[in-house]
Amino acid sequence: MRLAEHCYRSIDAIRGPLVFVERVFEARIGETVTLVAPNGQRLEGEVLKIDTKQVLIQVFGETSGLDLEKTSVTFHDTVKRAPLSRHCLGRIFNGSFEPLDGAPMYIPERWEAVSGAPINPVARAYPREMIETGITAIDGLNSLIKGQKLPIFSSAGLPAQQLVAQILSQARLPGTGEFVVVFVALGLHFNEFNFFRNTLEQMPNRFVAFFNLAGEPVVERLLAPRLGLTVAEDLAFHHQMDVLVIISDMTNYCDALREISTSREELPGRRGYPGYMYSDLASLYERAGRLRDRPGSVTMLPVLTMPEDDITHPIPDLTGYITEGQIVLSREMHQKGIFPPIDVLPCLSRLMQHGIGANQTRADHRDIANQLYQNYAKGRELRKLATVVGTDGLLEEDRKFLHMADEFERRFVHQGEERRDILQTLDLGLELLNEYKRGTL
């Protein structure tokens, strides 16, 4: 540790958000720096790379006012930290933690490094208890559990943003306890930004939001999720709240990671993404969890768009290795006018069994979910056969399965903007099953 700040005027080159500084004494990876432009503009940055002659800095903001001769660079010997306080509730910030809602910045109670403190595996408590999203296809068949990380896999053109807005406004705990949503939106277009702002304005002050627009620096796209997670950890483990973190869209995050990696001239991995993308994503996702003998939890719902609808693309592929299941949106369901277009067959919540059942949701939750899955899967299989032989060529029993699958999508999965609590969801599932057994479907 240097115990002193160093100031330099030895910038060798400026390339977009990257600044190259020569003859720097004892810089550290991740160290924060302040750049002062000739017109007095102050910018923050972070050390990305060090070699024998140069230090590479990524700047949080536009570098248009900087020059090579008069711009000063001060190295602070500290890492990037976030200002934390309960007063962040109900506030909206940009990717550099500057207020976007017109209100002044609050006085922080303390500061913490945005890299977070890894949870000791021994101190981790097993995820239990359900968080209600208000979405029947999720709550009934792929329940989200406190401390879980459950991604939503979408595709271009599907209404993932509308689904996120619905979860934002409808998510809550089935029981008592303080519940907060931390929303991080990455690479938004202006109309999407307005859409989410309008959604947040209709919510009570139980949220914290971070917005990064498509035209803003990509380095802020890498920083915003870490700021959101640092705030979530503070609310969960210092203020005993249950926090749901929604990050949309992680594909924009990974593209920013690739862009920065290319600027640093690193060797590319699969499809041009850096080889360390898995560990980088894990450093975000593994911040979800619960602590033993301590209230509060961080649950994560990242949303990503699968390029070319390819679930084997590195982004969904690596995400699937780290997280505990997935919710998959279907283009076919969307074309049928079903909202949300969740295809329940490839969906999975590996921790669902720890948050449902007697004393949590309802004793028959697991049985209802299993029977709905079984009947719907058989109906979907018979649809393929029906396209060859026609519906009239099927047995009477098979036509019942076919009809059951149609009714399941039309009444159970499709719900529009309606909110359904878990008891309404289970009652609807039971009603479908009883109608099928009575042959009245």
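This is a predicted model: local features need pLDDT of at least 70, side-chain atom pairs count only at pLDDT 80 or more; totals for chains, interfaces and linings use all residues.

Visitor: What makes strand β4 and β7 a pair?

Guide: Strand β4 (residues 31-36) and β7 are joined by five bridges, also in the antiparallel sense. The requirement is at least two bridges, so the label applies. In this stretch leucine 35 stands opposite valine 73 of β7.

Visitor: Why is threonine 74 called buried?

Guide: Buried means under 20% relative accessible area. Threonine 74 is at 14%, so it counts as buried. This residue lies in strand β7.

Visitor: Which residues is threonine 74 in contact with, leaving aside its neighbours within four places in sequence?

Guide: They are Glu5, His6, Cys7, Thr32, Val33 and Thr34. Contact here means heavy atoms within 4.5 Å. As for histidine 6, its C-alpha atom is separated from that of threonine 74 by 5.5 Å, while the two residues are 68 apart along the chain.

Visitor: What makes helix α2 mostly covered?

Guide: Helix α2 spans residues 160-170, and nine of its 11 residues are buried. Among them are Leu163, Val164, Ile167 and Leu168.

Visitor: What covers the buried residues of α2?

Guide: The cover includes α1 (136-139), α3 (190-201), β14 (152-155), β15 (179-188), β17 (242-248) and β19 (297-306).

Visitor: How many helices and strands does the protein have?

Guide: The secondary structure comes to 11 helices and 21 strands.

Visitor: Why is the protein called as compact as a globular protein of that length?

Guide: The globule rule gives 22 Å for 441 residues, and the radius of gyration is 24 Å. The two values are close, so the protein is as compact as a globular protein of that length. Along the principal axes, the C-alpha atoms fill a box of roughly 85 × 45 × 40 Å.

Visitor: How much of the protein is buried?

Guide: Buried residues are 56% of the 441.

Visitor: What share of contacts joins residues at least 24 apart?

Guide: Of contacts between residues at least 6 apart in sequence, 73% do.

How values were computed
Residues are numbered from 1 along each chain as its sequence is written. Side-chain values use heavy atoms; hydrogens and water are left out. Helices (H or I, at least four residues) and strands (E, at least two) are DSSP runs, numbered from the N terminus. The radius of gyration is taken over C-alpha atoms; the globule rule is 2.2 Å times the number of residues to the power 0.38. Buried means under 20% relative accessible area, exposed over 50%, partly exposed in between (1.4 Å probe, protein chains only).
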